[in-house]
Amino acid sequence: MKLTKMTLGLFAVATVFLVGCSASNQTMSEESIGLRNTDLYTEGSETVADKTEYINKTAGESVLITRSFENAPPMIPHAVEGMLPITINNNACTGCHVPGVAESLNATPIPKSHFTDYRPDTSLAKNGNMVKNGKIIENTSDIKTSAKVLNTLSGTRFNCTGCHAPQSIATDAPIKNEFKAEFRAKGGDKKSNLINNINEGVDTIK
């Protein structure tokens, strides 16, 4: 039986690991394995995670939270009590964040990408070919991004909390986050420019 280079490589790594383990006399207690400092047998009944508390400031009193990375869905910096659940016919978020109103309330306006339909009209031809926006797609690699500007919020974007979540009050994290975000556009840490670069690397259906 022939062994591939990958198989031989994995075998070598496993051998070194086993030899190293057998040569070491050090042992680790179960309490030191995880971050909760309890043994694995009592973790379920005795270990209680820190209670998560969220920012309780009302809308308009909160401070804008810097985005984690370019075009990241911004965190909700205020309490959402009484605003949930969100439905397609009852969305409290749009009352303050719809463009035209948001600016006057100093709220973050819903970006243009949320007023764009990226789902092309799709159907199946009698011969089995896929048809998108009236064009036959014989190979899925031929599928290109569709973009249709809408006058209203896209039906695929009504569920705000699908991407946006309230921010929990900061506590001492057991592992420090050292990630440093880089923003290509000025002000990218506070607003979205996704509508300008969503098609980077792809062609748009005309």
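## Contacts and overall make-up

Among the contacts in the protein chain with a separation of 6 or more, 60% are accounted for by residues 24 or more positions apart. The model described here is a predicted one, and buried residues make up 17% of the 206 residues in its protein chain.

The protein chain has 5 helices and 5 strands, and when these elements are read along the sequence they follow the pattern α-α-α-α-β-β-β-β-β-α.

## The sheet

An open sheet is formed by 3 strands, which stand in the order β2-β3-β4 and pair in the antiparallel sense. Its edge strands are β2, residues 122-124, and β4, residues 135-137, each of which pairs on one side only. From one strand to the next, the twist averages 35°.

Strand β3 covers residues 130-132, and its antiparallel pairing with β4 runs over 3 bridges. One detail of the bridging concerns lysine 132, whose bridge partner in β4 is lysine 135.

## Two residues of one loop

Isoleucine 76 lies in the loop between α2 and α3, and because its relative accessibility is 13%, where buried means under 20%, isoleucine 76 counts as buried. Leaving aside residues up to four places away in sequence, isoleucine 76 touches Ile65, His164, Ala165, Pro166 and Gln167. With alanine 165 the separation in sequence is 89 residues, while the C-alpha atoms of isoleucine 76 and alanine 165 are 5.6 Å apart in space.

Glutamate 61 is likewise found in the loop between α2, residues 43-46, and α3, residues 94-97. Because its relative accessibility is 55%, and exposed means over 50%, glutamate 61 counts as exposed. From C-alpha to C-alpha, glutamate 61 and histidine 78 are 7.7 Å apart in space, and in sequence they are 17 residues apart.

## The second largest pocket

The second largest pocket has a volume of about 230 Å³. It is lined by 10 residues, of which Leu35, Arg36, Ala49, Asp50 and Pro174 are the closest to its centre.

Conventions
Residues numbered from 1 in each chain as written. Predicted model: local features only at pLDDT ≥ 70, side-chain atom pairs only at ≥ 80, totals over all residues. Heavy atoms only, no water. 1 Å grid on protein atoms, 1.4 Å probe; cavity = no way out; pocket = protein on both sides within 12 Å on 5 of 7 lines; lining within 4 Å. Points joined across faces, edges and corners; volume = space filled by probe spheres on them. Helix = DSSP H or I, 4+ residues; strand = E, 2+ residues; numbered from the N terminus. Buried < 20%, exposed > 50% of the residue type's maximum accessible area, 1.4 Å probe, protein only. Pairing = 2+ DSSP bridges. Axes fitted to C-alpha atoms, helices over the stretch in contact; angles between N-to-C directions. Contact = heavy atoms within 4.5 Å.
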